[in-house]
Amino acid sequence: TTQWRIDLGERIVAAVSADDLQEKDCGKFTLFGDSVWCTSIMSGKGTMGLSYGIEERDLWSEKMSQIWKMRTRLYDCFI
């Protein structure tokens, strides 16, 4: 195991378990279906969206590209 993998894993866990995150911390929240984004971090330089398990059209990736002009990478578990 390399340290960067451990660090990345810890960052992911911290990001998804931010129970006390409030709208004032994010600038605002953006909603799309059952997903919620903290707007203030979504346009960061080098931000990439990762999309998993899409069987058909990937609306999530399309939304990421349209709103924040970010690159997305699709990992399709159904192909």
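Start your tour by selecting Gln22, which sits in the loop between helix H1 (3-16) and helix H2 (23-26). Helices here are DSSP runs of H or I with at least four residues, strands are DSSP runs of E with at least two, and both are numbered from the N terminus. Residue numbers count from 1 along each chain as its sequence is written. You are viewing a predicted model, in which local features need pLDDT of at least 70 and side-chain atom pairs count only at pLDDT 80 or more, while totals for chains, interfaces and linings use all residues; side-chain values use heavy atoms, with hydrogens and water left out.

Stay on Gln22 for a moment. Its relative accessible area is 42%, so Gln22 is partly exposed; that label covers values between buried (under 20% relative accessible area) and exposed (over 50%), with a 1.4 Å probe and protein chains only.

**The whole chain**

Zoom out and colour by secondary structure. The protein chain holds four helices and four strands, and from the N terminus on they follow the order α-α-β-β-α-β-α-β. The C-alpha trace spans about 35 × 35 × 25 Å along its principal axes. Of the 79 residues in the protein chain, 18% are buried.

**Along helix H1**

Next, select Trp4, Leu8, Ile12 and Val16, and show their side chains. Together they make a nonpolar surface patch of about 440 Å². Such patches take residues with over 30% relative accessible area and no salt bridge, joining nonpolar side chains (Val, Leu, Ile, Met, Phe, Trp, Tyr) within 5 Å and like charges within 9 Å. The areas come from the Shrake-Rupley method with a 1.4 Å probe, and for residues only the protein chains shown count as cover. Val16 is part of helix H1 and is exposed, at a relative accessible area of 68%.

**The hairpin**

Move on to residues 29-32 (strand S1) and 35-38 (strand S2), which pair in the antiparallel sense over four bridges. Pairing requires that DSSP finds at least two bridges between the strands. Look for Leu31, which stands opposite Val36 in S2. S1 and S2 form a hairpin with two residues between them, and in the turn Gly33 has a positive phi of about 60°.

**The core**

Which residues form the largest nonpolar core? Select Trp37, Met42, Met64, Trp68 and Met70 to see these five residues. A nonpolar core is a set of buried Ala, Val, Leu, Ile, Met, Phe, Trp, Tyr and Cys residues joined through side-chain atoms within 4.5 Å. Centre the view on Met42: leaving aside residues up to four places away in sequence, Met42 touches Trp37, Thr47, Met64, Trp68 and Met70. Contact here means heavy atoms within 4.5 Å.

**The salt bridge**

Now pick Arg57 and Glu62, whose side chains meet in a salt bridge (2.8 Å, N to O). The structure holds one salt bridge, defined as a side-chain nitrogen of Lys or Arg within 4 Å of a carboxyl oxygen of Asp or Glu. Glu62 is partly exposed at 27% relative accessible area, whereas Arg57 is exposed at 60%.

**Last stop: Lys69**

Finish at Lys69, in the loop between helix H4 (59-68) and strand S4 (71-75). Lys69 has a positive phi, near 55°, in a residue other than glycine. Lys69 is also exposed, with a relative accessible area of 67%.
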